[in-house]
Amino acid sequence: MTPTRKRRLIAVLVIITGVGIAATVAMKALNENMLFFVSPTDVQEQALPAGKRFRLGGLVTDGSVSRADDSLAVTFIVTDGLQSVDVRYDGILPDLFREGQGIIAIGELTPDGHFEASEVLAKHDENYMPPEVADALAKAGNVETEQ
Amino acid sequence: MTVELGQISLLAALLTAFVLGLLPMIGTYTGNRRFIAVSTSASLLQCLLVIISFGILTAAFVFQDFSVEYVARNSNSLLPMGYRYSAVWSAHEGSLLLWELILTIWIAAVALFSKRLPEVFRARVLAVLGWISVGFLLFILLTSNPFGRLIPSAAEGLDLNPLLQDFGLIVHPPLLYMGYVGFSVAFAFAVAALLGGEVSRDWVRWSRPWTLVAWAFLTIGIALGSWWAYYELGWGGYWFWDPVENASFMPWLVGTALIHSQAVTEKRGAFGNWTLLLALSTFSLSLLGTFLVRSGVLTSVHAFASDPTRGIFILAYLGVVVGGSLTLYAARAPKMIQGGGFAGVSRETFLLVNNLVFAVLAAMVLTGTLYPLLIDALGAGKISVGPPYFGLLFTWLLIPIVLALPIGIYSRWQQDSSGRLSGMLRWPFLISLMVGTGVWIMQPAIGFVSAAGVTGGAWVIVGSLFYVGHLLKKKSSLRIPASVLAMTLAHVGMGVFLIGLSMTSTLSTEKHLRMDAGDKYEMAGYTFEFLGTSIVRGPNYTADQGEFVVTRNDREVTRLYPQKREYAQRGNTMTEAAIDPGFTRDLYVSLGEPLDQNGQAWAVRIYHKPFIRWIWLGAIFIMSGGFLAAANKRYRRKMTVKQPATAKTREVTAS
């Protein structure tokens with residue numbers, strides 16, 4: 001091999017190795033940071049392991065929101081019309097969080113069957129229904145799914 | 001009746017765009033100079049027609065014509081005058097019109113400022129841009145007409161989304177689009193070069209200033225969006241890895257690779273095909289971004305339209321542009337001129353590192369953004385990819401670029417010795433190491449990764465500044481080439497950004513708490529006292545306004561007045577954060593929700609964010625570097641095609 005060819009070969013090998021490592025790290029990072037969307041029905045029907053993070057979506061049940069007197073702790077119920085899940089959250093709820101509205105909570109199930117949310121999302125538009133939530137409601141046979 | 005004129009004007013613009021796309025292109029193949037000459041007048045006429053159309057829509061907002069559906073949906077009689085102008089691009093239809101307006105402005109600019117280009121090449125560039133414009137005008141007219149009437153007319157408008165009633169919205173979209181759309185020029189240059197086939201690397205020199213200007217606009221557009229999110233969304237985040245942010249970030253990443261590879265191709269002839277490919281990809285990614293945002297396939301703050309026909313239209317458009325340009329590339333690129341070789345230690349190598357990393361970063365962001373769509377399409381469930389994925393990748397991939405950056409600046413083209421480089425870079429290296437260690441000792445809470453980030457930022461800044469010093473020492477005169485100044489400015493900006501990012505990511509303190517009137521809370525040496533809330537009335541909202549006194553060592557630092565606004569027309573609630581900005585820290589207070597009946601107990605966010613301003617300051621530097629580089633005089637010299645013979649001899653000597 002001429003020196004030029006040898007250098008080119010080395011350069012190509014370095015690039016391929018680099019890209020390979022990057023791709024491996026990326027796939028690993030992707031798998032570790034993937035959050036599945038789960039509806040209340042899924043939660044009740046499938047035995048989801050406690051401690052696994054996922055996104056829970058549904059409507060906030062009317063009259064279910066209750067706040068602690070001395071802290072920011074809040075509990076509410078999320079439903080898709082068929083099943084519901086108790087959610088606990090400690091923090092500030094978004095501006096558009098209302099009873100009867102569609103929300104997405106990110107967090108995990110506790111061993112006693114509550115959903116412990118670390119983040120609660122409601123969208124920035126009063127007409128807006130997160131597409132996943134709309135879909136889940138439609139699956140549960142709820143009629144009020146028209147946006 | 002005037003809005004119909006707006007629509008007619010848009011139709012006329014479509015016809016003009018057809019002429020622009022067709023006649024000059026035919027002219028360049030048949031040698032018909034009258035056809036070629038059409039390109040200038042058609043470009044200017046098209047721009048004028050779109051300006052008229054845009055002006056008419058703006059007038060409908062300013063004079064509150066609620067018989068126009070788009071106006072009725074996004075405006076209201078109480079809307080302050082300033083926001084009536086920006087409301088034009090607050091929703092789908094109007095922002096597409098803005099996109100088209102900016103495209104035609106770019107086209108007109110190319111027509112006006114590239115008279116020195118060879119006639120045939122210039123005509124092809126303008127014709128390609130004409131076709132891009134045809135696609136967008138069709139899209140607007142067929143799926144997203146902003147001039148549709150509402151019958152019967154509405155007595156009152158729905159109001160502009162309150163989130164968008166803000167200075168940030170006035171400036172963020174136009175600047176972002178200037179960047180996004182501006183890459184169409186680099187794209188058109190690349191396609192024209194491919195069509196010409198025999199043309200050497202001259203097209204790179206011609207397209208460089210255009211690419212730099214677009215890139216600088218995109219930089220500042222993204223930074224403004226981030227700044228806007230920080231103060232307007234009320235929870236202090238400045239970047240969310242939201243798919244729509246990613247959509248604007250991918251063209252930026254590839255655009256950054258592009259401006260660096262253009263430098264290599266222009267100066268050395270190397271990376272020629274790669275530069276072509278990057279120019280095609282940058283604009284393709286801009287279009288992909290438009291598709292993602294406008295088709296409603298994404299769950300996002302920005303996704304305000306979800307009409308499947310629109311999605312299909314843009315997807316088809318995307319297919320034509322990306323597929324067509326890549327096919328052309330595959331057919332022609334192998335015949336394009338090949339550049340000179342280079343040694344392992346040379347400026348080319350370091351720029352290659354830059355290009356590889358930025359391309360890989362863009363690919364990773366693309367993966368993270370499209371993967372959920374793919375999984376959903378396969379019916380394998382609905383997933384989302386969290387910010388840690390992106391954070392992790394950027395942390396790791398930034399290492400090689402940051403390390404290579406100053407070395408690349410110092411190294412010579414073609415071949416250099418590692419001994420010479422390490423000798424010159426000894427001091428910058430030691431200084432940055434000391435800065436990083438010093439920060440770590442003073443602020444142990446920063447942790448290893450962020451301390452390394454600060455070291456990297458300092459390495460980039462000190463290395464860049466030392467290079468200027470090195471040039472001054474070498475030359476007797478005090479004149480530094482403008483291109484070096486531009487490069488230094490942008491690289492220092494990168495360092496400033498990196499330091500800000502590292503500091504704020506680990507040293508910030510964020511607290512959510514319940515506060516009654518009279519409560520105090522201490523954070524990072526500042527005491528925040530909540531004095532209670534009162535009612536304040538704005539032009540189209542009422543607000544609960546909190547008052548906070550911030551003291552440090554018993555001296556008052558500032559008073560903060562965060563608001564919780566209620567916009568009457570849509571019944572929207574909005575959080576208006578109160579920020580005391582500073583060079584080394586921001587104090588950030590926002591109201592959550594009232595926790596008792598008489599409104600004196602509130603959920604409150606209190607943040608202390610060190611060095612967060614450096615993130616945007618860095619972006620301002622980077623943008624300025626881009627503009628300064630584009631203003632370089634040598635781009636304004638007479639542009640001629642080099643004789644193939646000279647190009648060839650160069651090639652021989654270089655390899």
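Here are some questions and answers on a predicted model with chains A and B.

Q: Are α9(B) and α12(B) roughly parallel or roughly antiparallel to each other?
A: Helix α9 (residues 243-268) of chain B packs on helix α12 (residues 347-377) of chain B with the axes 9 Å apart and an angle of about 160°. Angles over 145 degrees count as roughly antiparallel. So the answer for α9(B) and α12(B) is roughly antiparallel.

Q: What is the class make-up of the contact of α9(B) with α12(B)?
A: The crossing of α9(B) past α12(B) is left-handed. Sorted by class, the residues in this contact are 15 nonpolar, seven polar and two charged.

Q: How many of the 26 residues of α9(B) are buried?
A: From first C-alpha to last, α9(B) reaches 37 Å, close to the 38 Å expected at 1.5 Å a residue. The helix is largely enclosed by the rest of the structure, because the buried residues of α9(B) number 23 of the 26.

Q: Which residue follows α9(B), and what is its phi?
A: The residue that comes after α9(B) is a glycine with a positive phi. That is G269(B), with phi near 80°.

Q: Does F271(B) count as buried or exposed?
A: F271(B) sits in the loop between α9 and α10 (272-295) of chain B. Though not a glycine, F271(B) has a positive phi of about 60°. A residue needs 20 or more C-beta neighbours within 10 Å to be buried. F271(B) has 25 inside 10 Å, so F271(B) counts as buried.

Q: Where is Q414(B), and how does its count of 17 C-beta neighbours class it?
A: Q414(B) belongs to the loop between α13 and α14 (418-442) of chain B. Its phi is positive, near 70°, in a residue other than glycine. With 17 C-beta neighbours inside 10 Å, Q414(B) therefore counts as partly exposed.

Q: What is the omega of the peptide bond from I151(B) to P152(B)?
A: P152(B) lies in the loop between α6 (119-143) and α7 (167-196) of chain B. Most peptide bonds are trans. The bond from I151(B) to P152(B) is cis, with omega near -5°.

Q: How many residues of each class are on the side of chain B that touches chain A?
A: Chain B puts 38 residues into the contact and chain A puts in 29 residues. Elements of chain B that each supply at least two residues include α12, α13 (387-410) and β10 (585-594). By class, this side of chain B has 18 nonpolar, 15 polar and five charged residues.

Key
Residues are numbered from 1 along each chain as its sequence is written. Chains are lettered from A and ligands numbered from 1 in the order in which they are written. This is a predicted model: local features need pLDDT of at least 70, side-chain atom pairs count only at pLDDT 80 or more; totals for chains, interfaces and linings use all residues. Axes are lines fitted to C-alpha atoms, for helices over the stretch in contact, and angles run from 0 to 180 degrees between N-to-C directions. Helices (H or I, at least four residues) and strands (E, at least two) are DSSP runs, numbered from the N terminus. Angles under 35 degrees count as roughly parallel, over 145 as roughly antiparallel, 65 to 115 as roughly perpendicular and the rest as oblique. A crossing is left-handed if the near helix is turned anticlockwise from the far one by less than a right angle, and right-handed if clockwise. Ala, Val, Leu, Ile, Met, Phe, Trp, Tyr, Cys and Pro count as nonpolar, Asp, Glu, Lys and Arg as charged, and the others, Gly among them, as polar. The expected span of a helix is 1.5 Å times one less than its number of residues. A residue is buried if 20 or more other C-beta atoms lie within 10 Å of its own, exposed if 12 or fewer, and partly exposed in between; C-beta atoms are placed from the backbone. Two residues are in contact if their C-beta atoms, placed from the backbone, lie within 7 Å.
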